[in-house]
Amino acid sequence: MQNFKTYLLLILLFLISSSNYALDIDPCKHSKDIEFWKPFCDLCGCATSSGSSGFGTLSNANFIGLRYISQSFKSRDGIFTNSPSSYEYVNTYQLWTQIPISQKIYISASLPYQDLKRTFDSGAVNEELDGFGDASVMGWFKWQFYKKNTNDSIPYPVTRPLSKHALQIGVGAKLPTGEFEEQLTDRVNPGFQVGTGSLDAILSLGYNFSGDRVGFSSIFTYYLKGENKNDYRYGNQFNYTGTAFYRIPFNRSALTPFLGLSGDSYKEIEQYGEQQADTNGNILNGTFGAEYATGKFIIGANAAIPVSQDLFGGNVHANEKLSFYVNFML
Amino acid sequence: MKITNFFTILLLSVTILSCSSDDEGTESLDGQSGNLVIKFDNGVGDQDFIFDVSYNKSSEESYKLSSVKYLVSNIELTNSDGTTFLYPVDDNAFIVDEADANAAGEIWITLENVPAADYTDISFGVGIDQERFLKGADGQGDLLEIAQEKGMLWSWATGFRFIRLDGSFSNSTITDEALNIHMGSVGTSLDNYREVSLELPNTVLVREDATPELHVKADISVVFDGETSVVLADGYNQVHTDEVTTPIIANNIMGMFSVHHVHNE
């Protein structure tokens, strides 16, 4: 039975990956409708957008929910230090879920809807773009540790008590369900896209400590980015997140404020196999927020404030990121 | 057992993800051609150039300009296999005028029917070479009229102005004195035509259905502070046909251009 479920997961992963290969997006479709944006040129950059906004909630419980993420960027709109700026506003509405397959295996998935807007100092016409973004699917294996049997009084315990530590390993893919518009890479911030058009591998390692009141959760994720149909490949991305939380229980609900750090490091973008200058970067955020659990619902809010950043040779500046979510526990 | 399953998933996922398409690169480009856009973007050092803004130069002088124009010709591209393509000579002379810049401050030159290829280098001349000049007034095509309109021509016998900067300069004792750099060759007696060769930071892929863009940064400050730093008050505020000052400005201009980046489609 256990094996069967594993294979089911395997087949599922395979089907999702291959079906999206078959779902061809017309590579020529992109250029026509956005031709009028062409006269404004700048540098080429990277995907700072919402593909990598974490996978779950603090409690690591199974759920289905909705998440809203708001982020903005300021980008240099030209090649000079006194060039005007453009401002990118990224609103993401995300359906996300974590579904158990077995006791130790679960799947997480997300499907974002992106609503993007860009304004220009130069007075150029505002750009707006919306549509479904890139869905991600991940399979997770959870290692739950058990307490050591130091007490001889229970020689044959029926169930060993769980320790407070757990490890998770996740493998998955980000699928090119969002449309990538090649013309838009002709800007300082090529993260202004609803999708990257590429199939990316996601590898994740997580560690959780959950005490009665205090907990800690950390996750390290590597995004191995694939090349899209336009021979454009976003730089591989490493994301790290560490969050400490404190649970305040009430009669029938609980409030869990949290505080942490998160960061991303991006490699250079490649096009036609050549690296593009000033397209790598890194950012470190301080994060804080809270979750409120009542009944089957979890309501959460999260803010990420950039502490230090150097994105695209300093040409792109990320502002704070806010997210709100409502999850229904499964 | 669990771990085995897990690694099976991992292996399979990686296998799926490594299935990228490698079927490009073998197509023949023979007979294909496309367009190439060259964008000229004038600046002063790392600042975008703006008319009538005062810029400091060496020797404690400053200058303001109300016109910035230069003449570019003989654009030639070098293919990755080493062969070169010279854009048809009759259409291969352009006046880059800051006053013609778009909202982003760029002046565009569009080359049409460029053979599809992967280009790695570009070279062009600043000004008009002797060969073209010797074709006479009738042999210049549209350029003659455009140059006249743009104030880039002296009398025909003297020839074209290769660069034209008009404005004023100041130092500790002089305020807003006239500055006119009208440099060119003088007939056939003084040849100030210069060639510039630039390596491209990324390969430019010209294709039937792709118009790459080449973003050239032109640093106006190099006209005065290039290979030679000139003192405007020492006669370099009026550079016209002089056989000493014009070659110095011409040599400085050779170092004014760089390819900031390219865009492939």
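**Close-up 1. Strands β7 and β8 of chain A run antiparallel, joined by ten bridges.** Here β8 covers residues 214–224 of chain A. A strand is a DSSP run of E with at least two residues, numbered from the N terminus, and two strands pair if DSSP finds at least two bridges between them. This is a predicted model, in which local features need pLDDT of at least 70 and side-chain atom pairs count only at pLDDT 80 or more, while totals for chains, interfaces and linings use all residues. To find your way, note that residues are numbered from 1 along each chain as its sequence is written, and that chains are lettered from A and ligands numbered from 1 in the order in which they are written. Look for A:S204, which stands opposite A:T221 in β8(A). β7(A) and β8(A) form a hairpin, with three residues between them.

**Close-up 2. Strand β7 of chain A also pairs with β6 of chain A.** β6 spans residues 162–174 and β7 spans residues 200–210. Their pairing is antiparallel, over ten bridges. Which residue in β7(A) is the bridge partner of A:A166? That partner is A:N208.

**Close-up 3. Three strands of chain A make an open sheet in the order β9-β13-β14.** The pairing in this sheet is antiparallel. At the edges are β9 (232–233) and β14 (274–275) of chain A, each pairing on one side only. β13 (residues 270–271) is joined to β14(A) by two bridges, and A:Q271 has A:E274 as its bridge partner in β14(A).

**Close-up 4. The largest nonpolar core has 60 residues.** A nonpolar core is a set of buried Ala, Val, Leu, Ile, Met, Phe, Trp, Tyr and Cys residues joined through C-beta atoms within 7 Å; buried means that 20 or more other C-beta atoms lie within 10 Å of a residue's own, with C-beta atoms placed from the backbone. B:L71, B:V72 and B:V223 touch the most other members. Strand β4 (residues 62–79) of chain B gives the largest share of this core, eight residues.

**Close-up 5. A:K296 sits in the loop between β15 (281–294) and β16 (297–311) of chain A.** Is A:K296 buried or exposed? It counts as exposed because it has 10 C-beta neighbours inside 10 Å, and the cut-off for exposed is 12 or fewer. Leaving aside neighbours within four places in sequence, A:K296 is in contact (C-beta atoms, placed from the backbone, within 7 Å) with A:F328 and A:M329.

Notes
Helices (H or I, at least four residues) and strands (E, at least two) are DSSP runs, numbered from the N terminus. Two residues are in contact if their C-beta atoms, placed from the backbone, lie within 7 Å.
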